[in-house]
Amino acid sequence: MQIQNTKDFLAYYARIRQRTLKVIDCIPQDQLEWTPQVGRFTLGDQVRHIAAIERYMYAETILGKPSRYRGCGSELAEGFEETLAFMNRLREESIAIFRSLSAAQLNEKCLTPTGHPITIWKWLRALIEHEIHHRGQIYLYLGLLEVKTPPIFGLTSEEVAALSDQ
């Protein structure tokens with residue numbers, strides 16, 4: 001997928017975020033800081049990471065600045081409501097930055113934290129892939145907790161099979 005303008009990118013990314021928020025809404029509030037293994041992200045870390053990396057790494061590097069990402073621990077936001085507010089606040093800041101990009105700027109280069117030059121539209125595509133990756137981890141964690149989650153596109157695997165020609 002090539003991103004040719006910010007309007008279409010932002011509309012697509014909003015749909016990605018809606019699906020992410022659907023699964024985040026399934027996190028039991030008392031399990032926000034649960035992790036399947038010591039040393040791994042908690043569910044809350046996953047949510048804070050999606051927000052913090054978007055704003056402090058992707059958006060900053062697109063502006064030509066170095067990454068300011070410092071982690072995703074509960075010191076950034078405690079509790080479910082505060083964590084969601086943190087995510088929403090950083091999202092608004094990021095979207096304002098992305099919205100400011102012209103079509104020409106999408107074809108310019110920025111530097112990743114490793115100093116690797118990458119075309120901005122490709123960096124934005126990586127941002128989407130990153131969020132989807134962590135959404136998948138949240139689904140996995142919730143599965144381990146036996147929390148029912150919504151199907152991503154409206155049907156479960158079993159429902160698709162039942163509706164398919166046999």
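**Labels and their cut-offs**

Visitor: Why does Thr42 count as buried?
Guide: Thr42 has 10% relative accessibility. Buried means under 20% relative accessible area, exposed over 50% and partly exposed in between, with a 1.4 Å probe and protein chains only. Thr42, at 10%, is therefore buried. Before we go on: this is a predicted model, so local features need pLDDT of at least 70 and side-chain atom pairs count only at pLDDT 80 or more, while totals for chains, interfaces and linings use all residues. Residues are numbered from 1 along each chain as its sequence is written, and side-chain values use heavy atoms, with hydrogens and water left out.

Visitor: Where is Thr42, and which residues does Thr42 touch?
Guide: Thr42 sits in the loop between α1 and α2. Helices (H or I, at least four residues) and strands (E, at least two) are DSSP runs, numbered from the N terminus. Leaving aside residues up to four places away in sequence, Thr42 touches Leu32, Glu33, Trp34, Thr35, Arg48 and Tyr141, where contact means heavy atoms within 4.5 Å.

Visitor: What makes Trp34 and Tyr141 an edge-to-face pair?
Guide: A pair of aromatic rings is described by the distance of the centres and the angle of the planes. Rings of Phe, Tyr and Trp (its six-membered ring) pair if their centres lie within 6.5 Å; planes under 30 degrees apart count as stacked, over 60 as edge-to-face and the rest as tilted. For Trp34 and Tyr141 the centres are 5.7 Å apart and the planes stand at 90°, so the pair is edge-to-face. This pair joins distant parts of the chain, with Trp34 in the loop between α1 and α2 and Tyr141 in helix α5, 107 residues apart.

Visitor: Which other residues are labelled exposed, and why?
Guide: Ser157, found in helix α6 (residues 157–163), has a relative accessible area of 58% and is therefore exposed. Glu146, in the loop between α5 and α6, is at 75% and counts as exposed too.

Visitor: How many aromatic pairs are there?
Guide: The rule gives four aromatic pairs. One of them is Phe9 with Phe98: the centres are 6.0 Å apart and the planes at 80°, so this pair is edge-to-face. Phe9 lies in α1 and Phe98 in α3, so the pair ties together parts that are 89 residues apart in sequence. Phe9 and Phe98 are both buried. Ring pairs also link Phe9, Tyr13 and Phe98 into a cluster.

Visitor: Why are α1 and α3 called roughly antiparallel?
Guide: Their packing angle is about 170°, with the axes 12 Å apart. Axes are lines fitted to C-alpha atoms, for helices over the stretch in contact, and angles run from 0 to 180 degrees between N-to-C directions. Angles under 35 degrees count as roughly parallel, over 145 as roughly antiparallel, 65 to 115 as roughly perpendicular and the rest as oblique. So α1 and α3 are roughly antiparallel. Their contact includes Phe9 and Tyr13 of α1 and Arg91 and Phe98 of α3.

Visitor: What makes α2 roughly antiparallel to α5?
Guide: α2 and α5 pack at about 175°, with axes 10 Å apart. That angle therefore makes α2 roughly antiparallel to α5. Among the residues in this contact are Leu43 and Ile62 of α2 and Ile120 and Tyr141 of α5.
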